[in-house]
Amino acid sequence: MNSESYISVFDMLKVGIGPSSSHTLGPWQAARKFIQSLTKQPLGTLLEIQVHIYGSLALTGKGHASDKAILLGLSGLDPATSELARIQDIAARHEIELQISESTFCFSLLKNLHFHPDTQLPFHPNGMRMLAVGREETWEQVYYSIGGGFVVQENEVHSSHSQKVPFPCNNSTDLLKACLQAGCSISELVWQNECALRSEEEIQHGLQHLWQVMKESAYVGCHTEGILPGGLQVKRRAAALNKQLLRNHSYTHADEWLEAMKEGRDFRKVLTRISCLAMAVNEVNASMGRIVTAPTNGSAGVLPAVIIYYWCFSGQTASIEDVYRFLLTAAEIGKYFKRGATISAAAGGCQAEIGVSSSMAAAGLTECLGGSPQQVLMAAEIAAEHHLGLTCDPIGGLVQIPCIERNSMGAIKAVTAAMIALESTPSNAKVSLDEVIKTMKETAEHMNSRFKETSQGGLATNVSVNLPEC
Ligand code: SF4
């Protein structure tokens, strides 16, 4: 086991801005890193900044707002904390003025951002080359957006922490062994690992914040009507569904709304509610709203929908500690997919996004419902297994169709997987989570690139749409 590369729950789950983790957050963070790197270079007078984007980023970058994200990153804004109004203001522009050391110049999307759809950099399909052209010399950096908002440079595998943790686990076999030896649940074990990185108060505060953002994104999505941006004319549906489900209730904020939801637990209503919640969050994501990347933006609706399902409909008195357990468990599972397969749709299609989020949510729910570590891993395995081979073919390169409904499907499958696992004897299971992750990796490698976030196949080519020129 390599204890040098611990991935924290706060790496797997982070506050982000839609619509895409790999195509929006990744380029955003890369541009921020690039700007920060310039402060350390003796470049003298700068003449211009050039950004080149390749492969999947170039093919679906317009629909996924990669261009806007680069402007935002060059402006130095933080996607987790910057005000939404400021973000939207910059995102609406086509150019910005940059001041770097003694130089002031304009970065224009038309003149300085170059798309290379036919070229793929060798390390990953989402490559970016950024250049600061000075009078005397040029500074160049190459970045890769490898999914979930993670950005690396060549040969870096992923962002990780160098601190030693008490239970370093590279896969679910390690995890189960460690839980059995320590006599603890998965969330207890992850908690102890996280404590090696930060104080208990910081962990609680961070998890509460994630829950708050998840709740808010679901609430906003359930109360916003209209048409999503991008030109596909996709009508938001979550608000109408929410209205229909809560016809006779009044409330003024998200917590009262959750209480109102607890009434009416017949199967059809609960099923509709889970779908509504997942779509609500992804509608917010599609309109450049604030969500929790879990593990990606395209799949950001799955975890909140399943946590709220647990909160409102599980029949248990849910507490904030349950939310912690859910998030710690879900993040741990997501990390094994990141290590052993991929969470990038450009590398593995939608199985790597919705498939992984569904597996994470199934694990979190099973943990909260009292499942053993074996049952938690079984639930994660079942949810992932039934997403294998799922293609990524977003129409018009926008994270809307099939993405928004797909979040509902991922959430429902997560609940089903948890219920099956809780009623099963895991020792009878024939397929392990590690085997499914290995299968996802192989499936991703053999999948045609048309189905890996390029919008060159599937629904993206069979459904005719007329998008306005940007
Ligand atoms: S089809 Fe799936 S993987 Fe592709 S953009 Fe949509 S949600 Fe993401």
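**View 1. Helices α8 and α14 pack at an angle of about 80°.** The model shown is predicted. Helix α8 covers residues 186–195, and helix α14 covers residues 320–340. Their axes lie 8 Å apart. An angle from 65 to 115 degrees counts as roughly perpendicular, so α8 and α14 are roughly perpendicular to each other. On the α8 side, I186, S187, V190 and W191 make the contact. On the α14 side, the contact residues are R325, L328, T329 and E332. The residues of this α8 and α14 contact divide into four nonpolar, two polar and two charged.

**View 2. Helices α17 and α19 pack at an angle of about 25°.** Look for α17 at residues 373–385 and for α19 at residues 433–446. The axes of this pair are 8 Å apart. Angles under 35 degrees count as roughly parallel, and α17 and α19 are therefore roughly parallel to each other. The crossing of α17 past α19 is left-handed. From α17, the contact takes in L377, A380, E381, A384 and E385. From α19 come L433, V436 and M440. By type, the residues of the α17 and α19 contact are six nonpolar, no polar and two charged.

**View 3. Domain 1 meets domain 2.** The domain assignment of the chain places domain 1 at 19–152 and domain 2 at 172–462. The C-alpha centres of domain 1 and domain 2 are 29 Å apart. Across the boundary, 23 residues of domain 1 are in contact with 28 residues of domain 2.

**View 4. The side of domain 1 that touches domain 2, element by element.** Helix α2 provides the largest share, four residues. The residues of this side of domain 1 divide into eight nonpolar, 14 polar and one charged.

**View 5. The shell around the ligand.** There are 13 residues around the ligand. Those that come nearest are G298, A345, C350, C392 and C403. The shell divides into eight nonpolar, two polar and three charged residues.

Definitions and conventions: Residues numbered from 1 in each chain as written. Predicted model: local features only at pLDDT ≥ 70, side-chain atom pairs only at ≥ 80, totals over all residues. Near = placed C-beta within 6 Å. Nonpolar A, V, L, I, M, F, W, Y, C, P; charged D, E, K, R; others polar. Domains from an automatic or database assignment. Contact = placed C-beta atoms within 7 Å. Helix = DSSP H or I, 4+ residues; strand = E, 2+ residues; numbered from the N terminus. Axes fitted to C-alpha atoms, helices over the stretch in contact; angles between N-to-C directions. Parallel < 35°, antiparallel > 145°, perpendicular 65-115°, else oblique. Left-handed = near helix turned anticlockwise from the far one by under 90°.
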